[in-house]
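Q: I have a structure to get through today. Can we walk through it together, piece by piece?

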Amino acid sequence: MLHHKPLHVILYLLGIVALSVVYSCEGEPIEETSEDRPPNVVIMFVDDLGYGDLGIYGHPTIPTPNLDRLAREGQRWTSFYVASGVCTPSRGALLTGRLPIRLGLAYNETARRVFFPDSGGGLPLSEITIAEVLKEKGYATAAIGKWHLGHLPQYLPTQQGFDSYYGIPYSNDMDATGTGWKLEKFFEPPNINYWNVPLMEDDKIIERPANQHTITKRYTEKGIEFIKQNQDQPFFLYLAHNLPHTPLFAAEEFLNTTKRGLYGDVVAEVDWSAGQITNTLLELGLAENTLFVFTSDNGPWLLMNQTGGSAGLLKDGKGTTWEGGMRVPGIFWWPGKIKPAIQTGIGSTLDLLPTIAALASSNLPQDRAYDGYDLAPALFEGKASPRDHMLYYRRDEVCAVRLGPHKVHYITETEYHRDNQYTIHDTPLLYNVEVDPSEKFNIAEDHPEVLEKVKALVEKHKTTVKPVPNELAKKL
Ligand code: MG
């Protein structure tokens, strides 16, 4: 057919062929060695651990030597955010790379904040999780720990790309027995019989109430077993500890081991777990081909007093759109691949799916909006984070926005479960959270141009949000 085409077209086509050859010789696509095996991924996601609760993030009496070392050997992010200040929406966002409002996981007057044992909804099956992205690429996948994205059979991890599931399907303070959910129960000596939560294996309940004293240890052992069993193929382990969410439980060998009391003992066991998992990767020679991420689903539950965590110098905690509610520890570890650094740029759990998909050479579907960025330049090349802003949703409203060093508040609300004071700010509040991380000094009057810029950003964002059925409003 070539002879029918004009000469310049033929030359053009020959040029493409020539370029392709050059590319193939110099690029990596044609090499088919064992080095092409996509990396393993381990995400350790803990519950209600605050920004200030690890040694390396400044806690004076909680020793976390394992996480401290992983942070020093890898990257410790100091502006790492979740997409919601409470469990369910935060988890949905991490696994899908999409804001909870897009997933039907944003609460409002008719829908509760998170799923409960009498909830009928779940993360919609039309959503694509990290597990589904990696499954397509031949990964073995396991979810261990807290799920909280629908406990009915049709919503369990095994329906969302995970080969197996082992864990308590929602929060460890649900299914309250006797007189029900009472704050005093959290301050008494730990008693598993106050919370009749199930422990599940795939879609079967295998223990009830779950023995929470040993749950962190058992999740860890299951994780190690999964890694060992799948060491010869790419794998994805999503290890979502139920703790240190209250009620607090720790294995006997961790009790009374820290000066911080029971909360410190529980975090020490979580730290031990991170050490066990990463040491297993090292022993099996897998560490240099594994991305390990550690983070928390939201800030500390301040209502729990001394049995809850701390956001350090950040304001407020869980459930709010103040920094303490949504800025969490973010540690990335991958020996030989990640450039050791303290990252002060903005990052989010929303970025994990795009980052991991790129590592596995998976193209994201074009039929939906994503809210994350591939963090590769920051993680592997020592460049700035590609993310320059963060939206802080509470309910189905954008309550605050961070853009660079600035943070604008449109609506503020006091802490989750305390006397809710919902305030709409006709003149938004503005803080420079790099200069003033505790959000103490409102500088709105001095920077009207920042308010304008952020307003435009929010308006543009809103045009991308389409209404979806609210899963949190569905009852059994
Ligand atoms: Mg939580």
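Q: Which residues of helix 12 are buried?
A: V450, L451, V454, V458 and H461. Keep in mind that this is a predicted model.

Q: How are they placed around the axis of helix 12?
A: They cover an arc of only 95° around the axis, so they sit on the same side of helix 12.

Q: Which residues are exposed on the other side of helix 12?
A: E452, K453 and K460 are exposed there.

Q: What span should helix 12 have at 1.5 Å a residue?
A: Helix 12 has 15 residues, 448-462, so it should span 21 Å. Its end C-alpha atoms are 21 Å apart, which agrees.

Q: New topic: strand 8. How many of its residues are buried?
A: 7 of its 7 residues, 290-296, are buried.

Q: Which way do they point?
A: T290, F292, F294 and S296 point one way from strand 8. L291, V293 and T295 point the other way.

Q: Why that pattern?
A: In a regular strand, side chains alternate between the two faces of the sheet.

Q: Which strands pair with strand 8?
A: Strand 1 (residues 40-46) pairs with strand 8 in the parallel sense, over 7 bridges.

Q: What stands opposite S296 and F294?
A: V46 stands opposite S296. I331 in strand 9 stands opposite F294.

Q: Now the inside. How many residues are in the largest nonpolar core?
A: It has 75 residues. Those with the most contacts inside it are I43, I130, F236, Y238 and F332.

Q: Which domains does it draw on?
A: Domain 1 (2-382) and domain 2 (391-473), with at least three residues from each.

Q: What about a second core?
A: There is a separate one of 61 residues, and L49, I192, I227 and L248 are among them.

Q: Back to I130. What does it touch?
A: Leaving out residues up to four places away in sequence, I130 touches I43, L94, L95, F236, L352, L353 and I356.

Q: Last one: T246. Where is it?
A: T246 is in the loop between strand 7 (235-240) and helix 8 (262-283).

Q: Is T246 buried or exposed?
A: Buried, because its relative accessible area is 2%, and the cut-off for buried is under 20%.

Q: What does T246 touch?
A: N172, D173, F186, W301, M304 and T307, not counting residues up to four places away in sequence.

Key: Residues numbered from 1 in each chain as written. Predicted model: local features only at pLDDT ≥ 70, side-chain atom pairs only at ≥ 80, totals over all residues. Heavy atoms only, no water. Core = buried A, V, L, I, M, F, W, Y, C linked by side-chain atoms within 4.5 Å. Buried < 20%, exposed > 50% of the residue type's maximum accessible area, 1.4 Å probe, protein only. Domains from an automatic or database assignment. Contact = heavy atoms within 4.5 Å. Helix = DSSP H or I, 4+ residues; strand = E, 2+ residues; numbered from the N terminus. Pairing = 2+ DSSP bridges. Expected span 1.5 Å × (residues − 1). Arc of directions from axis to C-beta.
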